[in-house]
Amino acid sequence: MRRARRTAVIAATALLALAGCTGHDGGEVALTVSRSGCATEWHDPHGGEQTFRVHNVGINTTEVELVDPANGAVYAELENLGPGATRPMQVTLGRGRYAFRCLPEDTDAVTGPTVTVTDGPKRGAPAIVPVDEQVLRGPVDTYRSSVQHAFPTLRRDVRRLAAAVRSGDRAAARRAWLPAHLDYERLGAAYGTFGDLADAIDRLPAGLPKGVHDPGFTGFHRIEYGLWHGESLPALRKPADALSADVAKLVTQFRTERVDPNDLPLRAHEILEMTLQFELTGEADQGSGTTLATARANVDGTVAVLDALRPVLRSRFRGLSAADAALHKLRTLLDAQYRHGTWTPVDDLSAPQRRAIDGAAGEALERLAPIAALAQVRRAQ
Amino acid sequence: MSESRWPRRQLLTGAIGVGAGAVAGVGATLGSQRYAHADEPAQPDHVEFHGAHQAGIVDAAPARSTFVSFDVLAADRAQLTELLTTITRRARFLTAGGTPPNPGITAPPDDSGILGPQVPADRLTVTVGVGASLFDHRYGLGDRRPTHLRPMRTFPNDDLDPAWCHGDLSVQFCAPNPDTVIHALRDVTRATRGAMQIRWKLDGFVPPPRPSGTPRNLMGFKDGTANPDAADAHRMDQVVWLGREAGEPAWTRGGSYQVVRLIRMRLEFWDRISTAEQELLFGRRRDNGAPLDGTHEHDAPQYAKDPVGSAIPLTSHIRRANPRTAKTASSILLRRPYNYDRGVDAVGDLDMGQLFVCYQRDLAAQFEAVQTRLIDEPLVDYITPFGGGYFFALPGVRDDHDHYGSALLA
Ligand code: HEM
């Protein structure tokens, strides 16, 4: 239940954002698109706020983009414009050259005539050179290798946890639990790729009919619950061994599993969305009181994603340094809650401390959110 | 505190016999008031944002509001200025309405979209206040604190929950429709994320007149009848707005002390007492809001003719709040209350009450003087203040180049 499954709705979300817009009186231009022509009716361009009513008169579902013909940078787009459908595209045009680009399903892209805007504001809406799978290949590889690099430590620490549980020494088992869990949480971005194993390894009791007593409650939090609720250690052997086995399976699977390139830009803010919802609220806590440690590990996971994406973002994302700064602030605030080898349980924070951390997490999220939109995979040709 | 837990109903019983007679006496004139609001002029679609004073204070309260207390996270004075500038920019846009810019493919949409693609002004007002804590060591504003601005006092009948008290900033959003209020709140919190964090928030609503005159509170009584005339600018200068005040920093000019009190009503208990007792508690009739010695809602009570309180008990809410003597005239304040609904309490009773807001030039001489007279009023058995705070509503934003707190931070 903790894995966000957003990939499937991406297209629809972007579409809603644009479909909601209608233009000012007089700023409306009616255009048609089909396989044979892409918005050829646009003859008399004007700067300022414009609404294009784009009508798909063809038989293919089409993506329509308003681009800078010099470099293909996209000002606005309509995704999945179905045959017969008309949708508004709202955009503020500055002075410069524009063209529509149509990307009908299953056929080649068609670019309409180039038009030049000579009136209105100097600068219009920002444009971005679209990201395609090719562009994301490097970041995905970087990210994959960073995950793979972290696997041996994860496996080792999970085995140590299982051994400590078997030894019957509760204090040792509690000590071994956190490093193993944090190893896993640092991978954060991989939720989507880990599939069902992610649930088995790191699920919460929510959604299970019998909650913490449900046989389906497994993984780190199951063991945490037992260790901090006085369950006998022999009873925890099974979940601890199962965790070891699941992690081993994960490591094997990951070698052959494909990382959806779209996952990476999404995770830039998704990891911390989960952190805010489950860790900073304390909801994920099953007794160890270490959700701030998890949050801290999630910041590392986010930074790993951001670092992998950096080459793609540098030319596209003006807010990159602000996002870095916001993450840094959050990390500093969290680090301050690690004292003498223990993490402050979230409920022990003073109200001002809590607000500072929550506020910093919220700020980081706002700063990271554009990444999912601007680095989303778009069709090349 | 322990003393205040005991019901004080007996205090009134002596007066009930007398009062009940008075109620019967005026009952004959019932129904003389009719729909006063039928031919009101149509309202413009927006409330002017710029001006010497903020909106949302002397203008009539529209149906919906939310009152939000924030703590500021800004690291220094420059960031605080940036925060207030951002709130100004958002409030200016939201109160005027317009089309939010489209970020294209560079970011998620700028606007939540809950008001549709074009944001209507919908008579939204945004009213910003500063709390005493903003003048602590953090921003070097210690010497600019409005003289009377301190953390809200605990009064003897209070049962304050620290989580629902005080705050560095107050922002009150008011509009005729709840979606407009929520839209504005989401917009402002998003634009200021990381610079301030919500401390507490309570939504308010005001019903239409039933059937006419002043809207009723959840106890069934018209609430706001005896307010000073908010349309009278001269009167508002006397009661609400700070001018060139002796002893106040110059930047406060055009602002006003804002008191908010979150007051739970024991409505189930209230509904189990007689109309006569209810009326004696307030000193007014429940049906039309007239004072118990009068006939119509806006009749003035004649306390001089009723020195022992046989018509309007000396302990009644209105007589304690405003004894209408020469000596107490300086304590008159402007109330702008809303009802609130916070769900259900531990015993299954409705957690509802009044989001009491009032404005004045002098906290001590007005709100605190009135609240002090109200200590142990018999009404306290049915109401419990659980939160709130003292704030100073900033002077208005003068024009497009000005921002909230410009004089404070200059
Ligand atoms: C839940 C709490 C309260 C309720 C239900 C309540 C209700 C009422 C009602 C029904 C009236 C008579 C109608 C009117 O003139 O508006 C009234 C008057 C008044 N109330 Fe309250 N009130 C509450 C709290 C307060 C507080 C906290 C204050 C100030 C400290 C206050 C100050 C006044 C004043 C000044 C008047 C006008 C008295 C006059 O000039 O005749 N009230 N209130």
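Which residues of chain B does UniProt list for "domain: Dyp-type peroxidase C-terminal"? The unreviewed UniProt entry gives residues 214-397 of chain B; positions follow the numbering used here, feature names are shortened, and annotations may be inferred rather than shown by experiment. The structure is a predicted model, in which local features require pLDDT of at least 70 and side-chain atom pairs count only at pLDDT 80 or more, whereas totals for chains, interfaces and linings use all residues. Residues are numbered from 1 along each chain as its sequence is written, chains are lettered from A and ligands numbered from 1 in the order in which they are written, and side-chain values use heavy atoms, with hydrogens and water left out.

Residues 214-397 of chain B are 19% helix and 22% strand, and the end C-alpha atoms of this span lie 30 Å apart. Helices (H or I, at least four residues) and strands (E, at least two) are DSSP runs, numbered from the N terminus.

The iron atom of the ligand has a single protein donor, NE2 of B:H317, at 2.0 Å. Donors are N, O and S atoms within 2.8 Å of the metal (3.2 Å for Na, K and Ca); water is not among the atoms, so sites may look incomplete. B:H317 belongs to helix α7 (residues 317-321) of chain B.

A backbone N or O atom of B:G224 is 2.4 Å from a ligand oxygen, and a polar backbone atom of B:T225 is 3.0 Å from an oxygen atom of the ligand. From B:N322, a polar side-chain atom lies 2.9 Å from a ligand oxygen.

B:R324, in the loop between α7 and β6 (334-335) of chain B, has a positive phi near 55° although the residue is not glycine. With a relative accessible area of 38%, B:R324 is partly exposed; buried denotes under 20%, exposed over 50%, and partly exposed in between (1.4 Å probe, protein chains only). A cis peptide bond, with omega of about -5°, joins B:R210 and B:P211. B:P211 is placed in the loop between β4 (196-205) and α4 (233-239) of chain B.

Over all chains, one disulfide (a pair of cysteine sulfur atoms within 2.5 Å) was found. The bond joins A:C38 to A:C102, with an S to S distance of 2.0 Å. The torsion about this S-S bond is about 85°, so the disulfide is right-handed. Because A:C38 lies in the loop between β1 (28-33) and β2 (48-56) of chain A and A:C102 in strand β6 (residues 96-104) of chain A, the pair ties together parts 64 residues apart in sequence. Both cysteines are buried, A:C38 at 2% relative accessibility and A:C102 at 0%. A:A39, in the loop between β1 and β2 of chain A, has a positive phi of about 55° and is buried at 4%.

In chain B, the sulfur of B:C174 is 15 Å from the closest cysteine sulfur, in B:C358, too far for a bond. B:C174 is buried at 0% relative accessibility, and B:C358 is likewise buried, with a relative accessible area of 0%.

Methods: A polar contact is a pair of N or O atoms within 3.5 Å; within protein, one must be able to donate a hydrogen and the other to accept it, and residues adjacent in sequence count only if both atoms are side-chain atoms.
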